[in-house]
Amino acid sequence: MNDLDHMRHALALGRRSMGVTGANPAVGCVLVKDNHVVGVGWTAEGGAPHAETRALAMARDLARGATAYVTLEPCSHHGRTPPCAEALAKAGIVRVISATEDPDPRVCGNGHTLLCRAGVKVQAGLLEQEARLDMAGFFSRIRRGRPYVVLKLALSADGMIAEAKGMRTAITGEEANARTHLMRAQADAIMVGVGTVRTDDPVLTCRLPGLEHRSPQPIIVDGRLATPLTARLVAEAHHRGLIILTGPTAEGTNIESYGALLLRCREAAPGRIDLVQGLEQLGRRGINRLLVEGGADLARQFVEAALVDELAVFTSAKVLGQAGVKVDLALTGFEETSTEKLGQDRLAHYRNRDVGKG
């Protein structure tokens, strides 16, 4: 195996913790000595310990003389854990290959500098684009002050999202639904509009066996604070930490007593919040990756405000007819990055062309 293979291994490890590392990035690390892997690690749930720390703990004395493949520049500052760059040097690592520099101003080249001063050979930039895309949420929050936004849509063959306005409609099959739940497991938070709450009464959990604990934090966009107190998301608010983005003066319920956190946003239009300010508030709370699931009006608002970084479009073979609710979204500025069949359905991913640059 060569450097590329080991870095691909590190990237795969990092993806294991997507959506569960809090404000921290999901990093992977592989330690190799004499062409043998002696230690592996990925960021733990909650963000600590870091990937490098876990890999060193596995390798123990075998780390001396090894090469470390890390998907992000090792940290150089004291936080909940000591600096990973310092730990690698003290363990006797002789070479560090990192995929990309850390955008966090507390690190941003300092980790590499610390390693070099300790006599460790450093190489940066191996599979950099792949690493930046994997950690796009962290990069977005640090550089833009807001989460990376993935908009998920399920459409019928004739472009509808429901049989009629206000009607709950099952569009995709089991395979596509399972993929949706995997996307939930990889997101820090999941967002719907209040209309979806009133129509579908969703729970927005991950229901894949073994990954139930990775359900994302639910968020409702509700400019007029009209979320029913009987909604299942409200019933579970104390347990899951429900966030409601609402208007500056909206009132009328005691939903906060149920455990919901209200984040007040200025209005973009009567009864409609400013999504830019809403995302900035979520960024300040450490949310890196946001999955937006519905409904049609909220999707349109995100697209029109140019706030979508990635589109995941599931298309069914079903035809709902002219009475259905249609979503017309302009994909200007997006490029298709992948497509696959999931049972009778098709999944296409589109990415904003600006993502991963800079």
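## Cavities in the model

A cavity is a set of grid points where a 1.4 Å probe fits but cannot get out, and its lining residues have an atom within 4 Å of a point. The structure examined here is a predicted model. Rolling a probe the size of a water molecule over the atoms shows where empty space is left. In this model the count comes to two cavities of 30 Å³ or more.

## The second largest cavity

This cavity has a volume of about 40 Å³. Its lining is made up of Ala 10, Leu 11, Gly 14, Arg 15, Ala 26, Thr 71, Ala 131, Asp 134 and Met 135. Two elements, α1 (3-15) and α5 (128-134), each give two or more residues to that lining. Helix α1 has the largest share, with four residues. Sorted by class, the lining has five nonpolar, two polar and two charged residues.

## The largest cavity

The largest cavity holds about 130 Å³ of space. Its lining counts 17 residues. Nearest its centre lie Gly 19, Ala 26, Asp 134, Asp 188 and Asn 288.

Which helix gives the most to the lining of the largest cavity? Helix α6 (residues 136-144) does, with three residues. By class, the lining splits into six nonpolar, eight polar and three charged residues.

## Arg 289

Arg 289 belongs to strand β14, which covers residues 289-294. Is Arg 289 buried or exposed? Its relative accessible area is 15%. Buried means under 20%, so Arg 289 is buried.

What does Arg 289 touch, leaving aside its neighbours within four places in sequence? Its contacts are Met 18, Pro 147, Tyr 148, Val 150, Gln 186, Ala 187, Asp 188, Ala 189 and Glu 310. Asp 188, in this list, is also one of the residues nearest the centre of the largest cavity.

## Backbone exceptions

Most residues other than glycine have a negative phi, and most peptide bonds are trans.

Exposed means over 50% relative accessible area. Asp 34 has 63%, so Asp 34 is exposed. Asn 35 has 68%, so Asn 35 is exposed.

Pro 49 lies in the loop between β2 (36-42) and α2 (51-59).

Key: Residues are numbered from 1 along each chain as its sequence is written. This is a predicted model: local features need pLDDT of at least 70, side-chain atom pairs count only at pLDDT 80 or more; totals for chains, interfaces and linings use all residues. Side-chain values use heavy atoms; hydrogens and water are left out. Buried means under 20% relative accessible area, exposed over 50%, partly exposed in between (1.4 Å probe, protein chains only). Contact means heavy atoms within 4.5 Å. On a 1 Å grid over the protein atoms alone, a cavity is a set of points where a 1.4 Å probe fits but cannot get out, and a pocket is an open set with protein on both sides within 12 Å along at least five of seven lines; lining residues have an atom within 4 Å of a point. Grid points are joined across faces, edges and corners, and a volume is the space filled by probe spheres set on the points. Ala, Val, Leu, Ile, Met, Phe, Trp, Tyr, Cys and Pro count as nonpolar, Asp, Glu, Lys and Arg as charged, and the others, Gly among them, as polar.
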